[in-house]
Amino acid sequence: MNIQEKLKKENWNYEIAEGEYYGYYSLTEHLLALAKESTNNSEESQAKIFNLLAQLCHLDFDANNKVSPYGDIQNIVADKVEWLTDIIDDIHEPLLKNRVADVLWLCHEHRNITYVHQVIDSATSMDLNQNFASQDILACFRRATILALGTNQKVKINELYTYLLLEIDNSTDERYFKLGIARVILDSGLNKNEEYILAKKMQQIAESKKTESHVKMTQAIDYLDFVIDSYHKSKKKQSKSEANNEKGLYLEVHADNRMLDSGLAACDFYKKALNAFQGVEQPFRENLKTEVSINRIRQKINDANLSGLNSMQMTETGIDVSEFTEQAISRVTGTTNLSEALKRFINIVDEPDYQGMREQYHPSVIDFLGGSRAVSPVDGRTIAINKGIDINDPNSIEECKNDHAIKLLMTRINLTVESQVLPALDQINSEHVFTRDYLEDLCKQAPIVPLNRQKLMGHALYAGFQKDYYTSTHVLCPQFEHMIRMILKNSGVKTTYIDPANGIETENGLSTLMNSPELISLLGENLYFEIKTLFTDSKGFNLRNNIAHGLLDDAHAVTSGSVYAWFLTLRMIIKSIENNIAHQI
């Protein structure tokens with residue numbers, strides 16, 4: 001069977017397995033499997049084409065870039081355009097046809113308007129009655145609108161606009177997809193001069209979500225942002241001011257609720273409320289009592305700041321960190337999509353150099369006089385002892401070097417969180433909305449996240465983006481432990497202990513798992529050191545043990561270690577996705 005026949009409807013067998021999503025990630029995996037099957041059947045020419053299709057589906061995609069949405073695509077398909085031309089009409093799968101048609105429109109020496117029609121038609125014929133990756137489908141919609149408007153295909157423009165409006169009405173996903181479609185329409189200008197119509201519909205949805213539920217309240221705010229942008233675009237100043245006032249009130253209620261558990265998170269939302277109230281234009285302020293609201297919010301910001309300072313136990317470094325902060329913010333500013341924002345965010349901090357930190361150790365007088373001890377800030381217990389240097393024990397100098405490296409890393413984490421992670425997080429949160437659904441999708445794509453743990457891990461990541469580190473840390477620690485356990489299991493390492501007295505088999509805890517010699521080679525020395533310092537070392541933050549045994553009180557439950565543990569986990573998840581795809585192609 002030739003490749004054209006394999007791509008036709010009657011022979012196409014791309015099925016979404018339970019727990020997977022219809023989107024470019026799963027499609028890439030399917031195409032790679034077809035390539036492998038072709039190789040096994042000695043069909044090398046077909047294997048090359050399937051590998052090319054997989055590569056095209058895995059490309060970083062910026063739908064807003066009208067000139068180069070796939071970067072330097074010409075180098076990839078320079079001598080393969082004819083392959084794609086030969087198969088485009090036989091491709092049944094809309095997701096695949098959408099990508100191939102778009103690449104041909106960009107790369108074929110003779111631009112054929114048929115390719116634009118195929119991009120649009122495939123975007124509106126995808127089967128959305130299944131689990132699908134929202135970001136992929138929305139990117140296809142956005143690209144289709146750009147091409148339709150850019151080539152002035154009036155019939156197709158009307159067809160696309162009608163289809164997207166129907167999808168807004170029919171979609172049950174009000175957390176991300178419905179709003180995402182509305183954004184495609186507004187940003188592209190499909191509803192030019194009629195923006196207020198869609199704004200009213202979105203405002204009704206926002207009103208329906210005005211509850212004390214944290215999730216629904218944040219969704220309501222997202223919808224109000226769309227409403228405000230719509231009224232701004234249609235130049236309806238009074239409606240825009242009223243929507244800003246409504247948003248400010250929503251954010252204030254949300255911040256009041258967050259004050260119960262996190263002054264840091266509450267302060268962030270109070271500041272957003274202040275910005276919303278300040279967005280009310282002067283002619284409408286008296287009627288909406290805006291100045292009263294602004295004064296009230298400013299007082300609440302002061303109260304939240306005091307609460308946050310009391311709960312966030314940061315080390316005073318005495319170092320001017322303004323340059324680090326500016327660099328971190330600059331590196332994540334102006335990203336065009338969520339994927340790019342996350343990639344830049346996780347790379348604002350370099351891995352620590354464990355051996356380099358060890359070698360910076362120089363013995364002190366205290367080390368020769370019997371060492372020192374670490375005391376719990378919560379109850380004053382001695383939680384770790386540095387025995388110092390024993391001239392009769394050659395290993396004691398190595399222990400001192402390790403203890404010194406831990407101290408340096410903890411200081412580094414304190415500085416990094418304060419000067420880089422939190423400011424950069426504020427910046428990407430100001431440019432993008434990281435929904436719980438999106439983060440769960442991210443976890444489902446990550447091979448490092450164990451099966452049936454994606455919702456829990458996604459919840460931990462979402463809490464971190466909301467600066468709710470009480471929640472993120474308490475959800476994250478047990479899930480991180482299981483993630484390490486599965487890394488070892490998948491490498492054939494035994495992770496259980498059998499009691500010889502009764503034969504009961506018990507899973508080892510994270511402290512024991514971290515002592516597995518295989519883990520250093522699996523993770524790398526630097527990452528292993530970070531994890532151990534954060535989660536299990538009594539001389540470090542020791543998050544896992546402190547949380548598992550209920551040893552943290554309200555005043556010490558959120559530290560720079562809590563923030564960095566969330567950041568490190570996010571980094572590991574994204575890196576695992578990148579490494580997995582790179583390995584397959």
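## Overall organisation

Of the contacts in the protein between residues at least 6 apart in sequence, 68% join residues at least 24 apart, a contact being heavy atoms within 4.5 Å. The structure is a predicted model, in which local features need pLDDT of at least 70 and side-chain atom pairs count only at pLDDT 80 or more, while totals for chains, interfaces and linings use all residues. Residues are numbered from 1 along each chain as its sequence is written, and side-chain values use heavy atoms, with hydrogens and water left out.

Buried residues account for 53% of its 585 residues, where buried denotes under 20% relative accessible area (1.4 Å probe, protein chains only).

## Two antiparallel helix pairs

Helix H6 (residues 94-107) packs against helix H7 (residues 113-123) at an angle of about 155°, and their axes are 8 Å apart. Axes are lines fitted to C-alpha atoms over the stretch in contact, and angles run from 0 to 180 degrees between N-to-C directions. H6 and H7 are therefore roughly antiparallel to each other, a term for angles over 145 degrees. Residues of H6 that meet H7 include Pro94, Asn98 and Trp105; on the H7 side, Ile113, Tyr115 and Val119 are among them.

Helix H9 (residues 154-170) and helix H10 (residues 177-188) also pack at an angle of about 155°, with their axes 9 Å apart. This makes H9 roughly antiparallel to H10. In H9, the residues that meet H10 include Tyr161, Leu164 and Ile168, and their counterparts in H10 include Phe177, Ile181 and Ile185.

Thr28 lies in helix H2 (residues 24-40) and is buried, with a relative accessible area of 2%. Leaving aside neighbours within four places in sequence, Thr28 is in contact with Ala54, Cys57 and His58.

In helix H22 (residues 436-445), 9 of the 10 residues are buried, so H22 is largely enclosed by the rest of the structure.

Helix H24 (residues 469-489) is mostly covered, with 16 of its 21 residues buried. From its first C-alpha to its last, H24 reaches 29 Å, close to the 30 Å expected at 1.5 Å a residue; the expected span is 1.5 Å times one less than the number of residues. A kink of about 30° lies at Leu476, shortly before the proline Pro478, the bend being the angle between axes fitted to the seven residues ending there and the seven starting there.

Methods: Helix = DSSP H or I, 4+ residues; strand = E, 2+ residues; numbered from the N terminus. Buried < 20%, exposed > 50% of the residue type's maximum accessible area, 1.4 Å probe, protein only. Parallel < 35°, antiparallel > 145°, perpendicular 65-115°, else oblique.
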